[in-house]
Amino acid sequence: MSFSEARESILNERLKRRREMAAIGVDETLIERMVDTFYDRVRADDHLGPIFSATIRDWPPHLAQMKRFWRSILLTTGEFHGSPVARHAALQPLTRSDFDHWLSLFAATLDDVATPPARDHILTRARSIAASLSQGIARARLQEN
């Protein structure tokens, strides 16, 4: 397969993915609303607010990064570049309870902003990401000791 054929194949897969997501109500507008609503709630949350405020001083760049992350995950835009495990491992020790609370708040946000099929799809992805992130942080901390 030539480079141009491979590139075309990737672009076609991305287009197909965007159509599938649009069919269940996932688009850039939903992602923006989801991220903004969720992080408004995070900042107001008694449990998560202090964890985030201890690290994030300038919210607009963080929100922009989270929107790139979710567009990459849900719409396969390929625009997110970062190392979530390393960034989160540097935070205060995060527990499984922290991740469970994060997921609970995220699910409540999705209940309010997404269609049921979009909610289910995004929440499944979020649970997988949280589990992977939690395991990655645990491995990184073991390697430090």
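**Exercise 1. Find which polar atom lies 3.2 Å from the backbone nitrogen of Thr29, and describe the surroundings of the residue that owns it.**

Step 1. Start at the backbone nitrogen of Thr29: 3.2 Å away lies a polar atom from the side chain of Asp27. Keep in mind that you're looking at a predicted model.

Step 2. Now check the backbone nitrogen of Leu30. A polar atom of the Asp27 side chain lies 2.8 Å from that nitrogen.

Step 3. Place Asp27 in the fold. You'll find Asp27 in the loop between helix 1 and helix 2, where helix 2 covers residues 28–44.

Step 4. Is Asp27 buried, partly exposed or exposed? Its relative accessibility is 37%.

Step 5. Look across to Leu74. Asp27 and Leu74 are 47 residues apart along the chain, yet their C-alpha atoms are separated by 8.4 Å.

**Exercise 2. Work out how helix 1 and helix 4 are oriented, and what kinds of residues make up their contact.**

Step 1. Get the two helices in view: helix 1 spans residues 3–23 and helix 4 spans residues 59–75.

Step 2. Read off the geometry. The axes are 9 Å apart and the packing angle is about 95°.

Step 3. Angles of 65 to 115 degrees count as roughly perpendicular, so helix 1 is roughly perpendicular to helix 4.

Step 4. List who meets whom. Helix 1 brings Arg14, Arg17, Arg18 and Met21, and on the helix 4 side they meet Ile73, Leu74 and Leu75.

Step 5. Sort these residues by type. You get four nonpolar and three charged residues, with no polar ones.

**Exercise 3. Decide whether Arg71 is buried or exposed, and find its contacts.**

Step 1. Locate Arg71: this residue is in helix 4.

Step 2. Compare its relative accessible area with the cut-off. The value is 17%, and buried means under 20%, so Arg71 is buried.

Step 3. Collect its contacts, skipping residues up to four places away in sequence. Arg71 then touches Glu28, Ile31, Thr76, Thr77 and Glu79.

Step 4. Pick out Glu79 from that group. The side chains of Arg71 and Glu79 are joined by a polar contact of 2.8 Å.

Step 5. Follow another of these residues, Thr76, which sits in the loop between helix 4 and helix 5 (84–89). With 26% relative accessibility, Thr76 is partly exposed. Its phi is near 50°, a positive value in a residue that isn't glycine.

**Exercise 4. Find the side chain that Asp98 joins through a polar contact.**

Step 1. Go to helix 6, residues 96–113, where Asp98 is found.

Step 2. Check its accessibility. At 9%, Asp98 counts as buried.

Step 3. Find the partner: it's His47, whose side chain is joined to that of Asp98 by a polar contact of 2.6 Å.

**Exercise 5. Sum up the whole protein: how many helices and strands are there, and how much is buried?**

Step 1. Check burial: of the 145 residues, 38% are buried.

Step 2. Finish with the contacts. Take those with a separation of 6 or more: residues 24 or more positions apart account for 75% of them.

How values were computed:
Residues numbered from 1 in each chain as written. Predicted model: local features only at pLDDT ≥ 70, side-chain atom pairs only at ≥ 80, totals over all residues. Heavy atoms only, no water. Axes fitted to C-alpha atoms, helices over the stretch in contact; angles between N-to-C directions. Helix = DSSP H or I, 4+ residues; strand = E, 2+ residues; numbered from the N terminus. Parallel < 35°, antiparallel > 145°, perpendicular 65-115°, else oblique. Contact = heavy atoms within 4.5 Å. Nonpolar A, V, L, I, M, F, W, Y, C, P; charged D, E, K, R; others polar. Buried < 20%, exposed > 50% of the residue type's maximum accessible area, 1.4 Å probe, protein only. Polar contact = N/O pair within 3.5 Å; in protein donor to acceptor, adjacent residues only side chain to side chain.
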